[in-house]
Amino acid sequence: MDENTLFAIRNLYYSGNYTQTIAETTASRTRASANQPTTHQLDLFLFRSLIATKNYARVAQEITESHALGLQALKAQAVYLDAVQSADAAGRDAALAHLREMLQVTSPDDHQPEITALEVKVVVGQALASEGLVEEALTVLLPHNNHLESVAVVVQIYLQMNRLDLAKKEVEACKTWAEDAMLAQLMEAWVGLRDGGGDRYQSAYYIYEEIATSSTSPTVKSLVGEAVCNIQMGQYPEAEGILQEALSKEPSNTDAIVNYIVVSTLLSKPTEEINALVQQLQSVAPNHSYLQELDLKASLFDRAAQRFAIA
């Protein structure tokens, strides 16, 4: 299998086309011509795509102790995310502890221990960041040795910490050695959306638009990216239309639902329509951070309102 095929598979995954990634990485014609390092890359993107589509059970079942350490880390991630999804606190803590332990594991048969270590660190860093343990996650991920996926997680963490300056620094450095990579372009869009300003929003939109048109059908991920850019530019009807398309493709996509709630509010949609969207989010992701923040704000409002209640 040539590098162009692997490049295409990588871009399918980064664009959010997980179904096609699974199809391509499991195709007999792809596997037949792959050597061992390439087969490992195919397995990485196969299992990552299964995780992205929340097929945690299949990942946990198919990855065994005979697989490379980087793949075993994905199995541990699937177990962790399954526990998060099912609100299993004990299972979540155990899975997170296991992920931390994997940072110390090595294999005597590993011919690329540095690359394997980076693969494991990306997975552990993502889990730690999702727990809000951003300092620990950065300790795991830095230095990243110009490993593109590590850089992407670091940039996300810096944005989560509201350290736009550090995120911009990482992206600028990344562009010197990976400017044409789709993941590098996505990082530039993330920073552009946070940095603000009409030109930056428009540039971010063009990046998502290019990714959307790079395949036969735009993915939900690229559509949501376009919609967010439109929201930031004040183009609410355009954002609404894009989000409707995204939800027609994947009604349970939480990013699309949350942004649809936002744009519906900005368009002054009827309260019952917005409440229906909130209920839709509650049904697919009851522990979503948006819902937690909404509950907090409602509680603060009620508390403030009591101060002005007529005795």
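## Helices α1 and α2

The axes of α1 and α2 come within 8 Å and cross at roughly 150°. Axes here are lines fitted to C-alpha atoms, for helices over the stretch in contact, with angles running from 0 to 180 degrees between N-to-C directions. Helices and strands are DSSP runs numbered from the N terminus (H or I with at least four residues for helices, E with at least two for strands). The two helices α1 and α2 are therefore roughly antiparallel to each other; angles over 145 degrees count as roughly antiparallel, under 35 as roughly parallel, 65 to 115 as roughly perpendicular and the rest as oblique. The crossing of α1 past α2 is left-handed, a term used if the near helix is turned anticlockwise from the far one by less than a right angle, with right-handed used if clockwise.

On the α1 side, Ile9, Leu12 and Tyr13 meet Tyr18, Gln20, Thr21, Glu24 and Thr25 of α2. The residues of this contact of α1 with α2 divide into four nonpolar, three polar and one charged. Ala, Val, Leu, Ile, Met, Phe, Trp, Tyr, Cys and Pro count as nonpolar, Asp, Glu, Lys and Arg as charged, and the others, Gly among them, as polar. Contact means heavy atoms within 4.5 Å.

## Basis of the model

This is a predicted model, in which local features need pLDDT of at least 70 and side-chain atom pairs count only at pLDDT 80 or more, while totals for chains, interfaces and linings use all residues. Residues are numbered from 1 along each chain as its sequence is written, and side-chain values use heavy atoms, with hydrogens and water left out.

## Helix α1 and its surroundings

Helix α1 covers residues 3–14, twelve residues, and reaches 16 Å from its first C-alpha to its last, close to the 16 Å expected at 1.5 Å a residue. The expected span is 1.5 Å times one less than the number of residues in the helix.

Leu6, Ile9, Asn11, Leu12, Tyr13 and Tyr14 are the buried residues of α1. Buried means under 20% relative accessible area, exposed over 50%, and partly exposed in between (1.4 Å probe, protein chains only). The buried residues of α1 pack against α2 (18–26), α3 (28–32), α4 (36–52), α10 (148–160), α12 (182–195) and α14 (220–232). Just after α1, Gly16 has a positive phi of about 90°.

## Helix α4

Helix α4 has 17 residues, and its first and last C-alpha atoms are 24 Å apart, close to the 24 Å expected at 1.5 Å a residue. This helix, α4, is mostly covered, with twelve of its 17 residues buried. Among them are Leu42, Leu44, Phe45, Leu46, Phe47, Leu50 and Ile51, and also Asp43 and Arg48. Lys54 follows α4 and has a positive phi, near 65°.

## Helices α6 and α8

Helix α6 (residues 69–85) and helix α8 (residues 113–130) have axes that come within 8 Å and cross at roughly 15°. The helices α6 and α8 are therefore roughly parallel to each other. The crossing of α6 past α8 is left-handed.

In this pair, Leu69, Gly70, Ala73, Leu74, Gln77 and Tyr80 of α6 meet Thr116, Glu119, Val120, Val123, Gln126, Ala127 and Ser130 of α8. By class, the contact of α6 with α8 has seven nonpolar, five polar and one charged residues.

Val134 is found in helix α9, residues 134–141, and is buried at 14% relative accessibility. Neighbours within four places in sequence aside, Val134 is in contact with Ile157, Gln160 and Met161.

Pro143 lies in the loop between α9 and α10, and the peptide bond from Leu142 to Pro143 is cis, with omega near -5°. Asn145 lies in the loop between α9 and α10 and has a positive phi of about 55° although it is not a glycine. With a relative accessible area of 61%, Asn145 is exposed.

Ser264 sits in helix α16, residues 254–266, and counts as buried at 4% relative accessibility. Leaving aside neighbours within four places in sequence, Ser264 is in contact with Lys269, Ile274 and Leu277. Ser268 is in the loop between α16 and α17 and counts as exposed at 62% relative accessibility. Phi of Ser268 is positive, near 55°, in a residue other than glycine.

His288 lies in the loop between α17 (271–284) and α18 (289–306). This residue, His288, is buried, with a relative accessible area of 18%. Not counting residues up to four places away in sequence, His288 touches Thr254, Val258 and Leu281.
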